[in-house]
Amino acid sequence: MPEPTEEAKPEGEAPPPEGEAPAPEGEAPAPEAVEAPPPAEAAPEEEERERTEYAGMFIERPESVVVITGKDITFIAKVDSSKLVRKPAIKWLKGKWLDLGSKAGKHMQFKETYDRNSKIYTYEMKVVKVVPGDAGAYRCEVTSKDMCDSSSFEISVEEADTAQKGDDVLASFKRSGAGEDDGDLDFSSLLKSVKKKKKKPVEKEEEDVWEKLKKAHPSEYEKIAFDCGITDLRGMLKRLKKMKEVVPKVSDAFIKRLESAYSVEKGKKIVLTAEVVDPNVEVKWLKNGVEIKPSAKYIMETNGNIRTLTINKCNLSDDAAYECVVGTEKSFTEVFVKEPPVTIIKLMDDYHVTVGERVEFEVEVSEEGAHVMWYFENIELVRTENSKFRFKKDGKRHWLIIQEATLDDIGMYWCFTNGGHTKGELEVEEKELEVLQSIADLTVKSAEQAMFKCEVSDDKVTGKWFKDGVEVLASDRIKLSHIGRFHRLTIDDVKPEDAGDYTFVPDGYALSLSAKLNFLEIKVDYVPRQEPPKIHLDVAGNMVSQNTIIVVAGNKLRLDVEISGDPLPTVVWMKGDQPIEAAEGRIRVETRTGLSSFVIEGAEREDEGNYSICVTNPAGEDKAILHIKIVDVPDPPVHVKCTTVGEDCGTIVWEPPKFDGGAPITGYYMERKKKGSSRWTKLNFDVYESTTYEAKRMIEGVLYEMRVFAVNGIGMSQPSLNSKPFMPIAPTSEPLRLTVNDVTDTTCSLKWLVPEKIGAGGLDGYIIEFCKAGETEWKVANAEPVDRQSFVVRDLPTGEKMNFRVVSVNIAGRSPPALLGQPVTIREIMEHPKIRLPRNLRQKYIRRVGDKINLSIPFQGKPRPMATWLKDGEPVDSKMVGVRNSLVDSILFIRSAEREHSGKYTLVLKIENMEDRATIDIRIVEKPGPPIAVKVAEVWGFNASLEWQPPKDDGNCEVTGYMIQKAEKKTMEWFTVYEHNRRTSSTVSDLVMGNEYMFRVYSVNMCGPSDDPGVSKDTAKIVKTNLEYKRPPFEVKDMACAPKFTAPLVNRSVIQGYSAAMSCAVKAFPRPKIIWMKNNMILGDDPKYLMMNLQGVLTLNIRKPGMYDGGKYSCRAVNDLGKDEVECRLEIRPRVPKEEKE
């Protein structure tokens, strides 16, 4: 697709769609550190960027840096979301295509925070311990719906010990006579010098030289090279070696060796397979050089010529080198164990608690011992001594614990792993103290006991008692008690001054409970006889209307009625027509002189009704009627159910309770929980009056249950029955970035991305529809939904303008359609050929001899372009270089690189008379030859001066230094003196007096030290001065002794077919002759028996013994001074077949 022009870009636009910052004039573009990805993905991504509106969304961009190897570096990008419709999505990319999100782990860490006040998102990318492979061009890309912005930056990596040498190395490659700004570095002179060496006139004598080299001894090669003027002797010897190796060497033991490497995921099994020549041969399997024993983890199997090693449940310790050994031949391989990212299995729940309650956020991850990070808002939580946060883990489960929640803890909590994250919201509300039983007014007589009692909902709440505003203190007569939820004030031997208003105030709450203590004073007055009875009823504190008393269910009612009359009247209490005569029990009547008390302990609904008191004496009677009303919390609401659901919401309806508790219903409270969980979350803090509620902020795809509480003036009801489980679900969002991939005369190829939101309903597929421009009737292009994100609409009318749209479908229905911005004309489009050369190939491409080279060069053009490759202006040799072309790219590959592959390769792309070219400079390097003319120039004191000449063959790259070694002529053990000496001379110090030293020098380039050293022909002798050594007298010691076994043979019992070994130890001098015998018969040269003698330790190995190999074995040692013998018995047990074991 054509790229957008500069004129079409709006102001404040981000860098070009490819995410590359334009290079300044006179400077080469920065190199990329990654290979080109498959070119099939390049075209769609470019088309998507062309159809995206670029806008300045960054308020802070990441900047390019230069970092030293091993250091940490952090890049920060900030985005203002105040004008965005949706939350921005960010990608960190390396080069053009490599998404770094898949590389998250210990080396690369990503973090996202959000400031609610400023509405700014902050994104961080941290690279831990930078390595040279991290160098290259990077891009940070942020998108939000139809807006996009990107920022490019680069990382340059320098070695810690060579950072200061960079200027000198670069300066040595400058073009001669070039100034500061005269272009890039030029390595072509090195290639030219190599080519000149290959074009020397040695080729004229090629036939004679080859014959001489074939017939000559290797020690004569240098002489022949000197006589014939050969400068590239190593190259000729390599060619000679290839000429001799006409017949490739075939392994005597293996038909098919192990693969060079295997890869397996952690926890899975892997099978290593090799094919041997001999079907009966035994093989050994080694891991890092140690033999593997059969076990449940390692299973070794034999099937004809096939030998397999199965490794079950691979872990990181199985990441090692393995060998299959047959006799003296080995087959090597490596196993790489990939550790999957740690994912979150169980998500965090939301919490709703009151102040002081304990909170435990719990998650479960996929791996035991995994590292998780906890965050509160954008602050990481760490373990400290004074922190209120505690962390706990058990296997795969991790907890964040808050012992006592406060209002400051309200917010969003996050848990991060390298494979995902989850969040949970904490809501904290202040405690509301509920009065379960209030204190009641009391009327007592002198010397009696008065007790005020109340009950609150929290048993930890303390409080104070006041009388007429003055705090009541405990004494011998006044006792204060607090047991559980009950608070009591007890006054013994009541006196007139105790009468008054008593108040209980809980500590920390704006709440008080009051009651009155009435002192009943008995007065003795003279009254005339035959006074009619009279009821003195005073229930003003409990009456809401005339003769009506309201009592809360569960509370105590005590009604004290004063009675007068002479003689003393008779009192009768009745409920309806039933008299109440009980003096004990829950409902009782207490009678004292002048006072009748009606008591109900723990009032119930059945106690509601009309009550009457009738007093009579001979002088008459009096009667009073009371109505007692019992009020209670209402019954639970009924028929709670979910009627409709959305993406993150659901509508709940219910019916009011059948019994309102005797008081009007003031509203409802709602709670929800996830199915299977035991923790309920409160949805409203204020009373909700309606019987329809829309619950929000739910997770799509998760089953929820709801319950409802009814509230009246007395309190809150029990919860209703749980609703049937329901799941929020919604159709997907529209497919993203619908673009036209290709157009012909009758077809149109479309591409798009998956919807941003899919949800729990999943994605069943896509429906593609089209219609002519100006019409409204859409036709379906595919009868069944398609799974892929591309489709070719066929049989379209040529030249017509057509509209296209794509919708995604799932169980919830069709999504909104994704539309193209404008109609598409159905006609073939001619596109100029263009090669998109990756940035890392725009500079010299250097590889070592023997490396594989695989270069993928993407291109574009219509119709299909013709791609050809040239080397130094000539067509490439198909025998040396492989070429493979496709519709969108061309691949150049070399299976094993050689020096002759160096050169400039040009890709030519043609469409009719249009053409595009791209050139790649490839250099193949190898280790250098040895230095020449190494000599000891001077010796003085304890020092020796060395000089030499550079090597004839520099390996096609610069010789960076030399490695110098020394050796004493007596021991000939070599020790490194200097690992990296840049000059062609050096001084070796600290030599030992009296020793004679030899020296050798290795050439070093970027491939390493040379295979062979240059050895000095002369030596450096450090002469002794004024020292004389006196030898101590030598005494000859007689070491002769007769043979004597210091460790005897031990009886053995082995299974038939398993190799057996018997060992003993003998001491003797001179060295004795060892004789092994079976049943007193000398064992000859039978290959079944292997006899070994190692420093006096004698071992007899019997290979796969049979039943007839059992018996008595003895070992005899004989020398001139005597002999000795030991013996043992070997028992062979038969092997039990597998069928018998089962």
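Predicted model: local features only at pLDDT ≥ 70, side-chain atom pairs only at ≥ 80, totals over all residues.
Reader: Which residue does Arg 814 meet in a salt bridge?

Author: Glu 769, with 3.4 Å from N to O. Arg 814 sits in strand S60 (residues 813–814) and Glu 769 in strand S56 (residues 765–772), so the pair ties together parts 45 residues apart in sequence. Glu 769 counts as buried, at 7% relative accessibility.

Reader: How many salt bridges turn up in the whole structure?

Author: A search finds 46. One of them joins the side chains of Glu 429 and Lys 682, at 4.0 Å from N to O. Glu 429 belongs to strand S28 (residues 420–429) and Lys 682 to strand S51 (residues 681–682), so this pair links parts that are 253 residues apart in sequence.

Reader: Is Glu 429 buried or exposed?

Author: Buried, with a relative accessible area of 19%. Lys 682 is partly exposed, at 22%.

Reader: Which residues are linked in a network of salt bridges?

Author: Lys 556, Arg 558, Asp 560, Arg 588, Glu 590 and Glu 601. Within that group, the closest N and O atoms of Arg 588 and Glu 601 are 3.3 Å apart. Arg 588 is in strand S44 (residues 587–592), while Glu 601 is in the loop between strand S45 (595–600) and strand S46 (609–617), so the pair bridges parts 13 residues apart in sequence.

Reader: And burial there? Is Arg 588 buried or exposed?

Author: Arg 588 is buried, with a relative accessible area of 14%, whereas Glu 601 counts as partly exposed at 28%.

Reader: Switching to sheets. In what order do the strands of the open four-stranded sheet come?

Author: The order is S20-S22-S26-S25, with antiparallel pairing. Strand S20 (344–346) and strand S25 (389–394) are at the edges with a single partner each, so one side of each has no neighbour in the sheet. On average, neighbouring strands of this sheet are turned by 30 degrees against each other, direction ignored.

Reader: How many bridges join S22 to S26?

Author: Six, between residues 359–365 of S22 and residues 397–402 of S26, and the two run antiparallel. As an example, Val 363 has His 398 in S26 as its bridge partner.

Reader: What about the largest nonpolar core? How many residues does it have?

Author: It has 23, and the residues with the most contacts inside it are Val 359, Phe 361, Trp 374, Leu 381, Leu 400, Tyr 413 and Leu 426. Elements giving two or more residues include S22, S25, S26 and S28. The largest share, four residues, comes from S22.

Reader: Pick Leu 426. What does Leu 426 touch?

Author: Leaving aside residues up to four places away in sequence, its contacts include Tyr 351, Val 353, Val 359, Phe 361, Ile 402 and Tyr 413.

Reader: Where else is phi positive in a residue other than glycine?

Author: Asp 493 is one, with phi near 50 degrees. Asp 493 lies in the loop between strand S35 (486–491) and strand S36 (500–506), and is partly exposed at 38%. His 639 also has a positive phi, about 55 degrees. His 639 is in strand S48 (residues 638–645) and is exposed, at 55% relative accessible area.

Reader: Last one: which residues does a cis peptide bond join?

Author: Asp 566 and Pro 567, where omega is about 5 degrees. Pro 567 is in the loop between strand S41 (557–566) and strand S42 (570–575). The bond from Phe 1069 to Pro 1070 is cis too, with omega near 0 degrees. Pro 1070 is in the loop between strand S83 (1060–1069) and strand S84 (1073–1078).

Technical notes
Residues numbered from 1 in each chain as written. Heavy atoms only, no water. Buried < 20%, exposed > 50% of the residue type's maximum accessible area, 1.4 Å probe, protein only. Pairing = 2+ DSSP bridges. Axes fitted to C-alpha atoms, helices over the stretch in contact; angles between N-to-C directions. Core = buried A, V, L, I, M, F, W, Y, C linked by side-chain atoms within 4.5 Å. Contact = heavy atoms within 4.5 Å.
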